[in-house]
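Look at the fold first, then at the spaces inside.

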Amino acid sequence: MRERIYLSLAQMGGGEQAFIKEAFDTNWVVPLGPNVDAFEKDLEAFVGEGRHVVALASGTAAIHLGLLQLGVGPGDEVICQSFTFAASANPVAYLGAKPVYVDSEADTWNMSPRFLEEAILDRKAKTGRYPKVIVPVHLYGMPAKLDEICAVAAKYGIPIMEDAAEAIGSEYKGRKCGAFGEFGALSFNGNKMITTSGGGALVCRTGEEARRTMFYATQARENRPYYYHEHVGYNYRMSNICAGIGRGQMQVLAEHIARRRAIHVLYTELLVDVKGVEVMQNPAAEFDSNFWLTCITVDSGVCEATADDIRLRLEAENIESRLLWRPMHMQPVYADCPFYGDGTAERIFNKGLCLPSGSSLTDEQIRAVAGVIKNSVGR
């Protein structure tokens, strides 16, 4: 059997060891430290626009602290994209608030501006209050329709907590994803574009927001010569060791993005004539996905195979793939939450599949994946 082809493995660039060694040599192996400071500066330079970045323990922690600073609390409602990973919505529940789920549109698979506005107006009519925050997601690296979403948010005075966990390096109209909302969340989990083993970051508009993020992430300790707390805090800061990995990864980020995009192009070329199989694409010139994961949809009425049939066939060939995120409004834990949409996310979920897309994969491995897909649908 062939060597296993994984969905999205981390790839080291070689420079990580020097930063880690420096941390060990100087005994900076705890949260905070020179690597954390330098990693944050690297991220700020990458995101641009004068944004401030705070490195944290995870992308989930970043969303949590962003929502916290936007005033989300018990009794509030927060509009979330339904078609996403649970980490986009769980921090809403951490704060005692309730998610309100909005469907996707077919072009980007992301939050529908039309249903977003419908949800805002209906929640106001039903509760007497507007939702507190809007959390759009850039699914699999594809930018959401940010102009339209931001326009709706501005119309009703609702801030945006942008979930760019899967989208570092993705751009909309030449601007980096994560820089559009009041806050933006990034993730450096082991399968993302770059990794710090685990970890994430919160992109902030102002220095004061960054300072407040650091405050809450370090147990909300007040500036006194003894431990004194006026707020509930969290243990969310990134370790100096993990940040050392991140510094090395920043040296190869551009290469990783370029390789993932090249893999997407290769899949597109290899599968272009396969009836019933369609590779997800940038819908227009203003969208520039990092293609963290290349995704396909499978029309079983045309090719007589389902996305799960192909997944199982790939697994039989020692190739890892993954069905799309099951929409959050379909999850039992959120069954009582309001949902606004027409079933678009559910339809995409039922026919979608994520293909191996890691930057370390070779063209030969991508051709092998495409070959199994072709055989799975009778070609």
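Four strands form an open sheet in the order β4-β2-β3-β14, with parallel pairing. β4 (133-135) and β14 (339-340) stand at the edges with a single partner strand each, so one side of each has no neighbour in the sheet. Strands here are DSSP runs of E, at least two residues long, numbered from the N terminus. Two strands pair if DSSP finds at least two bridges between them. Strand β2 (residues 77-81) runs parallel to β4, and three bridges join them. In one of these, Val 78 has Val 133 of β4 as its bridge partner.

This is a predicted model: local features need pLDDT of at least 70, side-chain atom pairs need pLDDT 80 or more, and totals for chains, interfaces and linings use all residues. Residues are numbered from 1 along each chain as its sequence is written, and side-chain values use heavy atoms, without hydrogens and water.

Now the cavities. A cavity is a set of points, on a 1 Å grid over the protein atoms alone, where a 1.4 Å probe fits but cannot get out; lining residues have an atom within 4 Å of a point. The volume is the space filled by probe spheres set on the points. There are two cavities of 30 Å³ or more.

| Cavity | Volume | Lining |
|---|---|---|
| Largest | about 80 Å³ | eight nonpolar, four polar, no charged residues |

Asp, Glu, Lys and Arg count as charged. The lining of the largest cavity includes Trp 109, Tyr 140 and Phe 291. Lys 192 and Arg 260 are among the residues lining the second largest cavity.

Terms used:
On a 1 Å grid over the protein atoms alone, a cavity is a set of points where a 1.4 Å probe fits but cannot get out, and a pocket is an open set with protein on both sides within 12 Å along at least five of seven lines; lining residues have an atom within 4 Å of a point.
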